Amino acid sequence: MRIPRRVLATAAAIAVVLPLSACGSGSGDSGSTDASGKIEGDITFQTWNLRANFKSYFEGLVADFEKKYPGTDVKWIDQPAEGYADKISADAAGGTLPDVVNVSPDLVAPLAKAGLALDLDKAAAQYKSEYLPGAWASHEIPGMTGTYAFPWYLNTGPLFYNKSLFTEAGLDPEQPPKTYDELFADALELADKSEGKVATLANVPTIEDFGRYGVPLMNDAGTAFAFNDAKGVELLAKYKELYDAKALDPQALTATPESSGKKFLTGAVAMNPGSALDLGNFKKQAPNLYKNIGITDQITSTGKVNMYVMGVMVNAQSKRKPAAVAFAHYVTDAEHQMSFAKKVAIFPSTAGSLDDPYFTTEDGTDETRVRIAAAKSLKNAVNYTPVLFSEQMKTELRNSVARALQGKQSPKEALDNAVKACNTLLQQQG
C-alpha cells in the first residue's frame, strides 16, 4: 500500500534535487544565519535527474531570476539518479555542497545536524506564511529548533483497483475497501476465490504504512523509535496472514514499485497505489485494465493520507547567502510552483495554491478527478516517514518484515529487532 517514491519524484522518472561542487560554496561563515544584504554574486543550484525532462523549465527559471536580480549568476547542475545520497555525503565531507540544494526531509537531517543547512526560521522567517503549515514543518528536525529547507513540491495519490477482479471474486466493484479491516477481508476473499492466483497487494508494509495504520513511529521526544508497539505488531501479523494466503503477492519481499506496477497491469494484483500519471500508462499499455479501473482513497486509520515532500535547502556555508536564499525562495514561491505543477503531476506546497481552479474544477476526465482528490487530501496530509528514518533504517525494517512474513521470527520479535537496530543507527547519527 505504498505510493512509490517515483510518484513523488514524478513524470517519467522526475526526481529531486541535490548537491555538488559549488562556486560560492565552501568556507563561508557557517555560524551566521544572516541572509540580509544585496542579492548578487555566483551561486550553484543542483538538481538530480531533472534535466532530461525539464531542461527548458529550469533554464527559464534561472534566466528570469538573473534578469530580476542583475549581478547574479546561477550555475545549474543536474546529477544522474543513482547514488545521490552518497554524493551528498561526499560533498558535505569535502566542503563542496552547492549553495542551493533540493533535498527530501530525511536527506536534510544529517546536513542540519552537521551545521550545513541554513535555519530558515532565522534566515527567512518572512516567507514562512507563504507555505502550508504542514509543508513548512516537514523540514524540522527532532531535537533541533528551526526549519532547514523551503518546502517545494508535494505528492500523494489514490489507490487503484481492478473492478473485474473484484467482480470475479463476488465482491462489489463499486464498494472498494475503505478501512483496513475491509481491505484485509477483501484480500483474503480474492485470494480464496482465485485459488491464490490473484493477490490484492504487492508490497510489504513500509514505515509510512505503519504510520497510516496509526502506529506511533517515535517517542514524543523524537529520540527513539516505537513502531514495535501492540498496534505495529497487529499490522505485521495481518500482513503475515495475507502472505500465507497468497493475498499478498509471493514476490512482495523483493518487489520494486515498477515490478508491482507490472503485476497490476497484467491482472495478477488487484490493488496498487499510484497517481494521475499512471492513468495514461494504463490507457496505453493495458486498455482492458483501463476500462475496468477503480479509483479510491488511500486507506488510513488516522483520517490523514501520506504525503511526500521535497525541499530546497540553502547551504549554511554559502558565501552568497542573500542570493542563495532569494533563489531558493524564487524556485519555491507560489507562481513558480504552479507553473511547475502544470508541467508534471506534482502539487504546490504554497498556501492557497491548492484552491486554484486547476486543482478544483472537474472536466470529466479521470486524470482531473485524481488530481482534484489528491489536492484536497493534501491539505491535511502527513509526511509519515520520520525525518530521522534513514535508508539504512528502511533496509533494517524491510529485512525484519521479511523474516516475520517467512515465519523465521514472530511479528513482535521482528519489530523488536527492527526498532533496536534503528535506535542503534539513530544513536550513531549523533
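The model is predicted: local features need pLDDT of at least 70 and side-chain atom pairs pLDDT 80 or more, while totals for chains, interfaces and linings use all residues. Residues are numbered from 1 along each chain as its sequence is written, and side-chain values use heavy atoms, without hydrogens and water.

**D119**
- D119 lies in the loop between α4 (105–113) and α5 (120–123); helices are DSSP runs of H or I with at least four residues, numbered from the N terminus.
- D119 is buried without a salt bridge, and K122, the nearest side chain of opposite charge, is 4.4 Å away.
- Buried means under 20% relative accessible area and exposed over 50%, with a 1.4 Å probe and protein chains only.
- A salt bridge requires a side-chain nitrogen of Lys or Arg within 4 Å of a carboxyl oxygen of Asp or Glu.
- The backbone nitrogen of T147 is reached by the D119 side chain at 3.2 Å.
- Leaving out residues up to four places away in sequence, D119 touches T33, T145, G146, T147 and Y148 (heavy atoms within 4.5 Å).

**Helix α3**
- In α3 (residues 84–94), the buried residues are Y84, I88 and D91.
- These residues are on the same side of α3 because they cover an arc of only 70° around the axis, taken from the directions from the helix axis to the C-beta atoms.
- D86, A93 and G94 are exposed on the other side of α3.

**Nonpolar cores**
- The largest nonpolar core has 69 residues, and F225, F227, L397 and L405 have the most contacts inside it.
- Such a core is a set of buried Ala, Val, Leu, Ile, Met, Phe, Trp, Tyr and Cys residues joined through side-chain atoms within 4.5 Å.
- Helix α18 (residues 411–428) gives the most to this core, with seven residues.

Methods
Helices (H or I, at least four residues) and strands (E, at least two) are DSSP runs, numbered from the N terminus. Lys and Arg count as positive and Asp and Glu as negative; His and the chain ends are not counted. A polar contact is a pair of N or O atoms within 3.5 Å; within protein, one must be able to donate a hydrogen and the other to accept it, and residues adjacent in sequence count only if both atoms are side-chain atoms.
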